[in-house]
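Trainee: Could you take me through the way strand pairing is read, and then through the overall build of the chain?

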Amino acid sequence: MNEEPTHYADVAEIAPNNVVVGGVVGTRPVRPDGIDKVTGKSRFGADIQLPGTLTGVVFRSPHAHARLLKVDISAALALPGVKAIITSDDLPEITEELAMDKGQSPDFRDMSANILAREKVLYEGHAIAAIAAIDNMTAQQALSLIEVDYAVLPHVIDLQQAMEPDAPLLNEHNITKGIKPAPKKPSNIASRYEQVHGDVAAGFAEADIIITEEFTTQPVHQAYIEPHACLARVSPSGKTDIWCSSQGQFMVQAYCARLLQMPIADIRVFPMEIGGGFGGKTTVYLEPLAVLLSQKTGSPVRMEMTRAEVFKATGPTSGSYMSIKIGARQDGTVVAVEGVLCYQAGAFPGSPVRLGCMTAFAPYNIPNVKLIGYDVLVNRPKSAAYRAPGAPMASFAAESLMDMLAQRLDMDPLALRLLNAADNGTQTAYGVKFKHIGYRQTLEAARQHPHYSAPLGANQGRGVASGFWFNIGGQSSAAIRINDDGSVLVTTGNPDIGGSRASMAMMAADVLGIAYEQIQVEIVDTGSIANSDLTGGSRVTFAVGMAVSQAAATLVEELKRRAALWWQVDPDQVSWSAGTVVLNSSPAKRMSLAELAQHSAATGGPITVETAINAQGAGPGFATHICDVELDPETGRVTILRYTAIQDVGKAIHPAYVEGQMQGGAVQGIGWALNEAYLYDENGRLLNPGFLDYRIPVASDVPMIDTVLVEVPNPRHPFGVKGVGEVPIVPPLGAVANAVARAAGTRLCELPLSPPAIHKALKRAARRRR
Amino acid sequence: MKKRVQSVVNGQALEFECETSDTLLQVLRQNLQLTGTKLGCGTGDCGACSVILDGELVCACLVLAVECERADIRTVEGLATGTTLHLLQQAFLDNAALQCGICTPGLLMASKALLDKYPDPDETQVRYWIAGNLCRCTGYDKIVRAIMDAAPKYALAQALPTETGDRS
């Protein structure tokens with residue numbers, strides 16, 4: 001995350017030499033998988049069937065919090081057509097010592113207890129048992145025959161109630177980590193994180209203006225349209241094949257091996273196309289259950305969640321409560337920030353509160369910052385990563401405070417941000433010194449954009465907000481092969497979640513100096529390429545793109561070597577030009593890829609290169625968004641009139657898919673700001689586990705999303721790439737809230753900004769004006 | 001209880017056997033292996049299973065398969081003519097109107113139903129027509145542009161029967 005390079009993966013060697021030779025990078029070709037996607041031929045997680053496949057279903061808790069006294073599966077197992085039933089008794093016990101690697105999440109003991117509950121259920125929808133049956137109808141009937149004796153326990157859904165000393169405890173053994181001395185009594189606070197930079201007391205002493213405010217946000221689901229689905233087949237030898245959609249086939253392989261205590265080599269995961277993830281498919285729910293059921297039955301087992309199961313038992317990201325104080329001088333210079341961020345972890349520890357603390361004020365050069373984060377257990381599904389995990393809610397608080405400061409000082413909100421903007425060399429509160437960043441450029445672009453000076457009408461308001469995300473690199477693999485006819489196959493181990501096949505082919509084409517159309521890209525299974533970290537952290541175009549570029553550069557050297565062998569000259573007698581090798585002494589003498597492929601047997605065998613690196617040097621992402629809203633004073637409805645997303649993207653490999661990331665992230669953020677929330681009844685049961693009542697933005701809710709791509713290249717990447725996928729969801733919460741505050745003449749600090757909340761606020765503002 | 005049903009799917013007459021409780025979506029995906037039509041919710045809220053049934057846009061998850069006796073059913077698999085893409089399919093590709101692609105088949109069918117009824121829609125019309133088709137990736141911008149881009153070409157193709165815009 002905050003990565004100072006540990007080892008520098010040979011980027012420098014290829015960086016200056018191979019940049020944009022073919023002119024493919026920066027254009028907008030049709031993606032290699034495009035025709036399959038528009039004709040319905042692409043196969044997603046649920047689109048695979050094998051002969052004799054059983055249907056797997058999950059029995060889930062109807063209670064938010066209960067002790068499991070007895071789970072009786074005998075009647076269900078006796079039903080004709082039921083082939084196997086598993087409970088947590090069938091999962092290997094994972095000791096505390098073996099739960100984590102070097103204290104790093106994930107905690108596999110928790111993950112095991114999340115996929116099948118042990119002793120206690122911790123949220124409505126918590127899995128208790130899984131059934132394999134000959135068909136879905138039989139499986140559903142078997143579900144009704146499982147009998148569980150519960151001792152229902154008091155539950156807690158609300159974040160702040162969960163932090164009270166008398167709150168019902170989810171885990172009676174939970175002692176808050178990160179407090180010295182360690183508390184004697186257990187609580188729902190899983191951990192405390194503290195980030196201190198400078199001296200906040202001294203900073204506030206210099207402040208002319210101090211603003212303190214509290215903010216809350218609701219948990220929101222990633223709401224990918226494809227429910228989790230998988231198929232597992234275990235052979236009598238123990239060899240296990242899994243077909244599933246996920247953000248990483250190697251993640252599924254490693255997690256299943258860990259949870260089921262199997263050798264990694266026994267598990268092969270075939271990546272299906274993924275129907276959206278946004279962080280929500282960076283863990284496993286069904287796969288280990290399908291493997292266990294297949295082990296027991298000897299038949300393939302297919303599992304697919306319903307939409308209600310997706311809402312009740314997967315994701316979401318944390319809801320939050322934040323109380324933050326900001327101090328500034330009269331000229332607008334921010335001198336200190338201090339506050340507390342509390343994030344809902346769900347039923348097991350692991351909210352992204354630390355990332356919230358790190359990112360909140362990262363766009364600004366603030367000398368004194370102290371933020372404390374609390375990770376809090378509540379009787380809700382375990383939170384999962386969601387696009388820039390932890391950042392949007394913290395940014396909502398930070399950007400609202402910046403806007404309040406601008407209003408108090410009667411300053412232009414972009415001018416205030418420009419005054420405080422982080423630059424190259426700025427020491428961040430979270431640790432690193434920024435290099436090669438383009439934040440200021442996004443602010444300048446916003447100020448110059450016609451949107452920013454367009455006139456506004458009655459009941460309308462304009463908000464701006466900025467956002468930051470780290471972006472990561474990490475372990476990445478890529479292979480390139482020259483086929484016998486000279487066509488090129490690029491393979492990677494990273495699911496293509498939004499067009500990355502295209503960017504891989506484009507980078508390879510430019511390094512090789514060949515046409516984009518000459519290259520095919522395949523995302524291959526765990527048995528067919530070296531490990532690669534999952535698709536997440538905005539890392540694929542950067543890190544896997546680096547692996548592809550390096551593989552292509554190595555391939556060029558290999559092809560030159562082959563040609564030299566064929567021509568019986570020294571390798572330095574040949575050079576590479578526009579997809580062909582050229583003999584330096586007589587430049588008319590050339591060999592194409594097809595000719596090189598024809599001579600492969602005589603020059604050392606098939607031509608292939610595989611590269612595996614740990615990519616370092618990811619460039620951070622900054623974005624600034626402008627949002628215009630109109631409020632309906634009668635209903636409180638907010639209409640987004642106009643929206644502009646401006647982002648430093650480093651270098652856009654395929655600009656249309658970069659714009660798509662910015663537009664999609666912005667609209668997800670708009671949903672977070674305006675509509676999306678989980679509603680629970682008094683028993684802790686989710687009232688809106690479906691798309692009708694959990695309302696993500698639909699096409700008629702939003703306008704076109706204008707985009708401005710600022711390109712401040714990342715010198716650590718051969719093409720200058722910075723990750724682009726996550727930062728677009730960071731500014732919208734603040735941008736929408738700031739627009740609403742200015743339109744309403746009063747500020748709302750609780751999301752979502754639903755019509756009743758707006759209506760109430762407008763009435764309050766009207767009363768104040770009387 | 002099993003029942004046999006005769007219908008026409010993508011122009012081809014066929015017969016399938018189904019449970020009376022099976023939805024059209026289940027039959028398309030499981031019995032007929034037409035997995036281009038997607039399950040997103042099973043409750044008619046997301047539009048991923050949009051198909052055209054006797055000329056009307058429907059959610060296949062809300063239609064019982066036994067209701068489809070002698071029905072004309074059009075799915076995403078029937079949009080292209082051989083290897084020639086439908087104008088809407090080409091427009092979605094040209095405009096980068098898909099990211100993960102799970103909503104794409106449903107959106108294509110919804111867009112076709114729109115253009116068959118309103119050949120010259122404005123942006124608002126497009127947005128309201130596809131409001132029943134959820135997309136979580138794109139923010140809809142490029143999808144709306146793709147449909148607006150295809151509309152005049154589609155209208156022209158419809159007017160010229162020799163063009164390969166659509167054969168329904």
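Trainee: Which residue stands opposite A:Leu68 in β6(A)?

Mentor: Strands of a sheet pair through backbone hydrogen bonds, either parallel or antiparallel. In this predicted model, A:Leu68 stands opposite A:Tyr150 in β6(A), where strands are DSSP runs (E, at least two residues) numbered from the N terminus. Residues are numbered from 1 along each chain as its sequence is written, and chains are lettered from A and ligands numbered from 1 in the order in which they are written. Because this is a predicted model, local features need pLDDT of at least 70 and side-chain atom pairs count only at pLDDT 80 or more, while totals for chains, interfaces and linings use all residues.

Trainee: Over how many bridges do β2(A) and β6(A) pair?

Mentor: Two strands pair if DSSP finds at least two bridges between them; β2(A) and β6(A) pair in the antiparallel sense over six bridges. Strand β2 (residues 66–72) of chain A also pairs with β4(A), again in the antiparallel sense, over two bridges, with A:Ala66 partnered by A:Val121 and A:Arg67 opposite A:Lys120.

Trainee: What order do the strands of this open sheet have?

Mentor: The three strands have the order β4-β2-β6 (chain A). β4 (120–121) and β6 (147–152) of chain A stand at the edges, each with a single partner strand, so one side of each is left without a neighbour in the sheet.

Trainee: What percentage of the 770 residues of chain A count as buried?

Mentor: A residue is buried if 20 or more other C-beta atoms, placed from the backbone, lie within 10 Å of its own; in chain A, 58% of the 770 residues count as buried.

Notes:
A residue is buried if 20 or more other C-beta atoms lie within 10 Å of its own, exposed if 12 or fewer, and partly exposed in between; C-beta atoms are placed from the backbone. Helices (H or I, at least four residues) and strands (E, at least two) are DSSP runs, numbered from the N terminus.
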